[in-house]
Structure formats: C-alpha cells, structure tokens
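Okay, thanks everyone, let's get going.

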Amino acid sequence: KKNFELLYEGKAKKVYKFDEKKLLIEFKDDVTAFNGLKKDQILNKGKINKEISKFFFEMLNNQGINTHYINDYDENSFVAKWTDLIPLEVIIRNYTAGGFCKRYGVKKGLMFDYPLVEFSLKNDELGDPMIAKDAILLLKITTENVLDEIASISKKVNNILSDYLKSKGIILVDFKLEFGISKNDNKVTLIDEISPDTCRFWDANTMESLDKDVYRENKGDLINAYEVLLGRLDI
Ligand code: C5P
C-alpha cells in the first residue's frame with residue numbers, strides 16, 4: 001500500500017500505519033505451515049481471508065466483543081484500532097485435532113466436555129511454545145486481570161462463533177486468537193484475524209476440512225475449501 005508506512009510484515013499479513021490511532025491490516029496471498037517450513041502463494045487467499053475475518057469481527061462487534069476491526073478499506077485490507085500486541089496466542093479447542101493429538105497421542109475428533117483454553121508464547125524463533133499461566137505472570141508478559149479477561153473473552157467468542165457455525169452445518173473444532181491493548185482507550189482488544197488460516201472448520205456432515213488443514217495435509221485445493229466456507233456464511 002503505497003501511501004502508508006509499513007510497520008510490520010508477518011507470514012500472512014502486512015500492517016501499515018493508517019493514522020495516529022489506526023492501522024491498515026492487509027491480507028497476503030502467502031500461505032505457510034509448520035512454522036514457515038512449507039510455503040506457497042495462492043491467488044485470492046488474501047481477499048477471501050479478509051472477507052471472512054471482516055464478517056466474523058463485525059458479528060463479534062455487534063455482540064459486544066471489543067475487536068480491532070473498524071471498517072473495510074479495499075479488496076484485501078481493513079482499518080483497525082492500533083493496539084500494543086500481547087505476545088500470546090490463545091488456542092481454544094472444542095474437539096481434539098492437530099497439535100493436541102500430536103502432543104498427547106490421542107485420536108482426532110473427540111469432543112471435549114467443555115472448551116479447552118491454552119496459551120502459547122508468540123515467538124517464531126522458539127516455535128510458539130506452549131506457556132503456563134504462572135509462567136506468563138512471572139515473566140510479566142501481562143497481568144492476571146488482563147489474562148483472566150482474555151480467557152473470558154475467548155470463551156464468549158467461542159460460544160458466538162460455534163453457535164453461528166453450527167447453524168450453517170459447520171463444526172468449529174479449534175481456533176487461535178490474539179489480543180492487544182488499544183492505544184486509544186487501554187482496553188483489552190481482540191486483534192489479528194479470524195479465518196480458515198487460524199481456525200479448524202469441519203463440515204458437520206462429511207467431516208471434511210474447510211480450512212488450512214487442506215494445505216497442511218495436502219488434502220486438495222485450498223481456495224476451493226475456503227470458498228465452500230465463504231459460501232456458507234451470510235456474506
Ligand atoms: O496446531 P494446533 O493444533 O495447536 O492449532 C490449533 C488451532 O490454532 C488451529 O485452528 C490452528 O489453525 C491455529 N493456530 C494458528 N496459528 C498458530 C498456531 C495455531 O492460527 N501459530
């Protein structure tokens with residue numbers, strides 16, 4: 001984006017300064033897996049993930065969740081609140097899959113009695129290691145109040161998204177959230193993206209993946225799967 005200062009470039013997004021209080025979040029066509037070991041460019045992925053993220057953030061904003069999403073900008077970017085990022089990845093799991101199965105040697109697709117909330121340290125070099133609540137507090141990554149608020153917002157987001165997706169014949173298996181503290185009002189704010197890059201979505205009838213597992217596990221055409229998901233949402 002020519003007119004804006006690039007502040008940060010990640011694996012799938014670029015973040016620009018929009019103004020003193022706002023950022024412009026751009027979704028790239030790049031896709032990576034296994035901490036960047038596998039990577040490709042997939043035409044239109046950025047555009048689709050922006051549409052899906054925008055849709056979920058608007059739904060959450062309307063239901064009283066404080067997200068960074070402010071307004072749409074163009075095909076592959078939106079304007080967001082500027083926040084100080086808390087370097088944690090919050091993983092919410094409703095069913096066993098992915099890293100959980102690998103770590104504990106259990107089969108995939110087992111439903112939990114209640115959602116599991118896990119924290120990882122956001123650090124590419126270290127490969128985003130899991131981190132215990134006390135380690136987060138002792139390392140002063142954030143305060144106990146903020147951490148409790150993050151966990152409670154994450155569970156609310158899980159309820160809202162799971163219920164909605166269920167009505168569309170989709171199971172929300174697990175997903176990742178990130179949070180920041182907004183520059184404007186110091187509030188805990190849901191940031192980053194909510195897309196098939198960061199969630200596992202299974203078709204409730206066929207149990208087919210409509211998410212990045214299609215790419216991770218070479219299960220077919222990624223854009224096809226993302227478009228099936230997009231087609232089920234009220235966009
Ligand atoms: O790999 P794992 O099973 O721990 O991932 C759990 C969920 O979090 C998946 O939906 C995955 O897409 C998401 N995730 C992510 N970014 C990471 C790690 C996990 O979006 N760095």
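First, what I mean by a pocket: on a 1 Å grid over the protein atoms alone, it's an open set of points where a 1.4 Å probe fits, with protein on both sides within 12 Å along at least five of seven lines, and lining residues have an atom within 4 Å of a point. This is a predicted model, so local features need pLDDT of at least 70 and side-chain atom pairs count only at pLDDT 80 or more, while totals for chains, interfaces and linings use all residues. Residues are numbered from 1 along each chain as its sequence is written, and side-chain values use heavy atoms, with hydrogens and water left out.

So, which residues lie nearest the centre of the second largest pocket? Those are Asn-94, Tyr-95, Met-111, Ser-162 and Leu-172, out of 15 lining residues. Strand 9 (88–95), strand 10 (111–121), helix 4 (144–166) and strand 11 (170–182) each give two or more residues to that lining. Strand 10 has the largest share, with 5 residues. Helices here are DSSP runs of H or I, at least four residues, and strands are runs of E, at least two, numbered from the N terminus. The pocket volume is about 260 Å³, meaning the space filled by probe spheres set on the points, which are joined across faces, edges and corners.

Now the hairpin. Strand 1 (residues 5–9) and strand 2 (residues 13–17) pair antiparallel over 4 bridges; pairing takes at least two DSSP bridges. The hairpin connects them through 3 residues, and Tyr-8 has Val-15 in strand 2 as its bridge partner.

On to salt bridges, meaning a Lys or Arg side-chain nitrogen within 4 Å of an Asp or Glu carboxyl oxygen. How many turn up in the whole structure? The search gives 27.

Take Asp-174 and Arg-200, whose closest N and O atoms are 2.8 Å apart. Asp-174 is in strand 11 and Arg-200 in strand 13 (residues 199–203), so this pair ties together parts 26 residues apart in sequence. Both Asp-174 and Arg-200 are buried, where buried is under 20% relative accessible area, exposed over 50% and partly exposed in between, with a 1.4 Å probe and protein chains only.

Compare Arg-216 and Asp-213, with closest N and O atoms 2.7 Å apart. They sit 3 residues apart in helix 5 (residues 213–216), so about one helical turn separates them. Arg-216 is partly exposed at 24%, whereas Asp-213 is buried at 4%.
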